[in-house]
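This report describes selected features of one structure, taken by topic. The sequence and the coordinates come first.

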Amino acid sequence: MTASAHILQKGSVTRVMLLVLACLLPGVLAYVWQFGWGIVINLAWASILALALEALALRLRSYPLKPFLADGSAVVTAWLLALSLPPLAPWWLTLVGMLFAIGVAKHLYGGLGQNIFNPAMIGFAVLIISFPAQMTQWAAPLSLAAQPLTFGESLGFIFGGGLPPGLGLDAVVSATPLDTLRTGLLQQHTLHEIQAASHVFGSVGGVGGEWVAAAYLAGGLILWALRIVPWQVPAAFLAGIWLTAGFLHWADAGRYAAPWFQIATPSAMLGAFFIATDPVTGATTPRGRLIFGLGAGFLTVIIRAFGGYPDGVAFAILLMNLCVPLIDAYTQPPVFGAAKKK
Amino acid sequence: MLTAILVMAGIAVAVGAVLGFAALRYKVEGDPLVEKIDAILPQTQCGQCGFPGCRPYAEAIAKGEADINLCPPGGEEGVKKLAELLGVEPKPLDESHGVQKPKSVAFIDESLCIGCTLCIQACPVDAILGAAKQMHTIIAAECTGCELCVAPCPVDCISMVPLKEDVGNWKWKYPVFKLKQVA
Amino acid sequence: MMELHRFPGGIHPDEQKAQSAARPIHAAFVPKKLVVPLRQHIGQPAKPVVQVGEHVLKGQMIAEADGYVSVAIHAPSSGTVTDIGLAAVPHPSGLPDLCITIATDGKDEWMARTPVDWRNTDPAALRGHVRDMGIVGLGGAVFPSSIKLDPAGNPPIHTLVLNGGECEPWITCDDRLMRECAEDILEGARIMQHLLGASRVIAGIEDNKPEAIAAMRAAAQKLGLAVEVAAMPTIYPGGGGKQITKTLTGLDTPSGGRTTDVGVQVFNMGTSYALARAILHGEPLISRIVTVTGHVLRPQNYEVLIGTPMRELLLRAGERDGTTGIIMGGPMMGFDVPNPDVPVVKSTNCVLAKSAELFPPKPRELPCIRCTQCVPVCPAELQPQQLYWFARAKDLGKAQEYHLFDCIECGCCSYVCPSHIPLVDYYRFAKSEIWAREKEKRLADTARDRHEFRLFRQEREKKEKAERLAAKAQTKKAEAPVLSTPEQDAKQKLIQEALARAQAKKAAVSPKNVDNLSPVKQAEIAEIEARRAKIRAIAKQPVEPEQP
Ligand code: SF4
Ligand code: SF4
Ligand code: SF4
């Protein structure tokens, strides 16, 4: 038996995944620059966990290890999760998240290519539901922190929970701008008052966060130019956020944050270019991708504005994952020569 | 409380009306059940199911008088399709009626044939050509492989030849997609 | 300069054409043995008209067309027919097929050749002649040309396209043919145009063959033919029928249709050449140009007699160590032949020797990651990944709904898939499965009809008999015999038959139905009793279906 196409283009799943990781690097660098060493430790720890868990799952399902470990998809999941967690998240938080991401969301659904939900987002969702306190202890931007943690100190905090003497928890962590906003609004403050009262808000987004978002954007655009991700998803996702946030802001500027602010959050940019674009869990038709992106953007803002959690990217994407088969089925593009016959 | 019950009842009535209307309006004009069952049966007309042909078996199934797993030529796949059509659980083929065999056609050894016409009378699809005292021959394209002609032949000159795969009827195989480790 | 259009999809694999394009076509040689398959075209296999032991001349018809969709087969050289039977053929199944084997006598003696005055011949007769000359499409589809040359269709054919796309890597046979025999090709096109009544003739040639384009332009000028020679961009699969039609005319062939639905008929350059040889010189299709390339010392194009074993070609082109197999056709759509002794057939445009460096073993397949890289390259604008899921899940109905049959099996999707999935294999599996089921369905329907007719006939006969009996009885006796209804009778009879059958099965060892026979018949039976035992032993041996 022989396959048509005896020749193959150079390219592989591994290559795709490595390019995704490479394009995440600007974001990671910006993260380190703005928030310190914690994220590097988290990334490394999550990657190790991903490979170990992936190997374990493959072994249990008696799949060969090498090709599936080498495909790099587990590491991408690890990075996406780590980048979504607080930079100084304790080690066990990452562990639980990865367990759900790799073990449940990926392998219980059949492994690479078979999962319905984005594994990293499942991990994130589980954590934010189970450990809301830890999930909102964001590392303070270095420019605001009293005394930046060194690499060793970060390591100690993540794995031991201990802080160098003389430093309180408040000195290293703070709430994210979205979180601050949410708490403030609950206390019946207006948007304006909250922004004036807190120092976490930068020129567009949050202090530090806006730089990270910009770096994600840069990496994402490279990915886009390389045609690793389809243009429709990020464009539609950001447009979805912009339109929904714009409408709400226009309706009540005192309650709803401006569209620029919503887009300039790291989670939105990461979501737009790296998470919503996950091919496995996304729509596959061109129009379907527009719908998918718009829907995810819309839901993100809705959850941020009215939901019980400060950020909505993860839930929005998971909800849209759920709709993918439907979207695909209703957005079949016409085939060559289909217009004429009927 | 009362309002709630009233509202729920109202909704139920409304939905029921819509559904009822839809059922009438968009009624699917389909073949009667017997036709649908008959379309699934392989039409070998071999009688192995215990009925004199596929149609009587179809009628028996439709009336609920016969089980769906009695037709060996249809095999497991046939049972599955019947189960799907009738909305019942598929079950394994009832082996007391025979087992599924590779599709064969009858072959008459013309040097032995005595022209007795017994096979012609047995063939359910008139796939045998010949007249009294003349050699008989099988129209292979029409033969369903029912084997009904084999037994009546007084000189045992009819044999069943399984259809061989050749370039003309060869099928592309399901690609082997080895994800799992070969133990 | 005419306006060109871009068809959707397509890829740019490495061309690999320079190796074989540089050398001229090597003249035909006569091997010791020719194995000529009877099934070299789409449709019914040809019917042999020669016997084993018969001497045949070069060009003599050895098998005739069997029906409308069929063509004749001719002896490629003079010699003696040594065998008519199963032999290895180039087919993806690796199964043998009926072939006529000829031991050549080395004289290469032609039969009498008679050119045809095509301008003054009735078109239907001319098409019949084309069929008897064994002309089929030489681009790979091997569809009988006589059918394609029949303009009786809706709408009328306005454009004849000469396909010089030759978009597959490695292959250069059309390139060389155009360079060396452009005039013959155009003569053939002239006959085609006459038969089709097309007002326009366009020769589409990919722009990686500038010499061929120049040669064709010069020949058109010399012959004074209004043939437009277009240089098309080099994109695989630009030589596909629907694709070249789009490129040259801008017309979209309807989904599920053919190019003739938009009034365009496409012929391969080699077909046009073969037609010219057949009509103008009386030479049937007994040879073709074959590119021998890949892992050989001297890649080159050969004129090859149909039936020549591929091994002979490899030897002539310089077989090299480390040959791992032969692909017939190009690397995109070709297939591995079962062994190097299979003959060259009418569809063999290329014999591509493989080696581990040129064609390394494919990397392991991974699951589809839905990256949709396969989508933008598909020239049929399908969603290959969806077709793949359906074919893989054996959901044939869904696959068909998603236009499986618009897939031209070009392999672009397999080529780009980062998971290295042999997508086309799945489509081929699904297609042949659907065809097989449709055939089964047709057979079942005929069986049902025939059975119903039989029941009806039996009933009628019974009725007639009953009426006859009744009439007889009435004349004899006063009271009529009580008859059961004919329906009940028929049913009763069938049930009894089935019962008898079951019982007879139990008693399968002893002879049956001998009780009520006439003494004459019984004598006959006794006579053959001895032979019977022997034959039975042979006949009862189960013939195992071949397992590939
Ligand atoms: S067993 Fe024979 S007669 Fe009965 S349904 Fe099957 S094919 Fe028809
Ligand atoms: S092989 Fe079929 S599905 Fe794949 S690219 Fe070609 S036409 Fe499209
Ligand atoms: S290119 Fe391969 S992996 Fe990607 S969507 Fe198509 S079939 Fe799936």
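## Terms and basis

In sorting residues by type, Ala, Val, Leu, Ile, Met, Phe, Trp, Tyr, Cys and Pro count as nonpolar, Asp, Glu, Lys and Arg as charged, and the others, Gly among them, as polar. This is a predicted model, in which local features need pLDDT of at least 70, side-chain atom pairs count only at pLDDT 80 or more, and totals for chains, interfaces and linings use all residues. Residues are numbered from 1 along each chain as its sequence is written, chains are lettered from A and ligands numbered from 1 in the order in which they are written, and side-chain values use heavy atoms, with hydrogens and water left out.

## Ligand surroundings

A residue is placed around a ligand if one of its heavy atoms lies within 4 Å of it. Around ligand 2 the shell divides into 10 nonpolar residues, one polar and one charged. Its members are C:Cys378, C:Pro379, C:Pro384, C:Cys407, C:Ile408, C:Glu409, C:Cys410, C:Gly411, C:Cys412, C:Cys413, C:Val424 and C:Tyr427. Two or more residues each come from helix 12 (412-416) and helix 13 (423-476) of chain C. Helices (H or I, at least four residues) and strands (E, at least two) are DSSP runs, numbered from the N terminus.

Ligand 1 has 13 residues around it, of which B:Cys46, B:Gly47, B:Cys49, B:Cys54 and B:Cys71 come nearest. This shell divides into eight nonpolar residues, five polar and no charged.

## Domains of chain B

Domain bounds come from an automatic or database domain assignment. For chain B the assignment gives domain 1 (33-97) and domain 2 (101-163). Four residues of domain 1 of chain B and six residues of domain 2 of chain B take part in the contact, where contact means heavy atoms within 4.5 Å. The centres of the two domains of chain B, taken over C-alpha atoms, are separated by 25 Å.

The size of an interface is often given as the accessible area lost when the parts come together. Here buried area is the accessible area (1.4 Å probe) that two parts lose on being put together, summed over both. Domains 1 and 2 of chain B bury about 350 Å² between them, with 59% of it on carbon and sulfur atoms. Of the area that domain 1 of chain B buries against domain 2 of chain B, 83% is supplied by B:Thr44, B:Gln45 and B:Cys46, more than by any other three residues.

## Domains of chain C

In chain C the assignment gives domain 1 (18-28 + 124-328) and domain 2 (366-469). Each side of the contact is listed with its count: six residues from domain 1 of chain C and six residues from domain 2 of chain C. Between their centres, taken over C-alpha atoms, there are 31 Å. The two domains of chain C bury about 470 Å² between them, 51% of it on carbon and sulfur atoms.

## Strands of chain C

Two strands pair if DSSP finds at least two bridges between them. Strand 4 (residues 61-64) of chain C runs antiparallel to strand 2 (residues 47-48) of chain C, and two bridges join them. In this pairing C:Lys47 has C:Glu64 as its bridge partner. Two bridges also join strand 4 of chain C to strand 5 (residues 73-74) of chain C, again antiparallel, and C:Ala63 stands opposite C:Ile73.

C:Thr101 lies in strand 7 (residues 96-104) of chain C. With a relative accessible area of 9%, C:Thr101 is buried; buried means under 20% relative accessible area, exposed over 50%, and partly exposed in between (1.4 Å probe, protein chains only). Leaving aside neighbours within four places in sequence, the contacts of C:Thr101 are C:Lys33, C:Leu34, C:Val35, C:Thr80, C:Val81, C:Thr82 and C:Asp83.

## A buried helix residue

C:Val130, in helix 2 (residues 123-132) of chain C, is buried at 1% relative accessibility. Not counting residues up to four places away in sequence, C:Val130 touches C:Ile135, C:Ser145, C:Ser146, C:Leu149, C:Leu275 and C:Ile279. C:Val130 and C:Ala471 are 341 residues apart along the chain, and their C-alpha atoms are separated by 63 Å.

## Backbone details

A cis peptide bond, with omega about -5 degrees, joins C:Tyr236 and C:Pro237. C:Pro237 lies in the loop between strand 10 (227-232) and helix 6 (241-249) of chain C.

A:Ser62 is in the loop between helix 2 (38-60) and helix 3 (65-70) of chain A and counts as partly exposed, at 34% relative accessibility. B:Gln43 is in the loop between helix 2 (33-40) and helix 3 (54-63) of chain B and counts as buried, at 1%.
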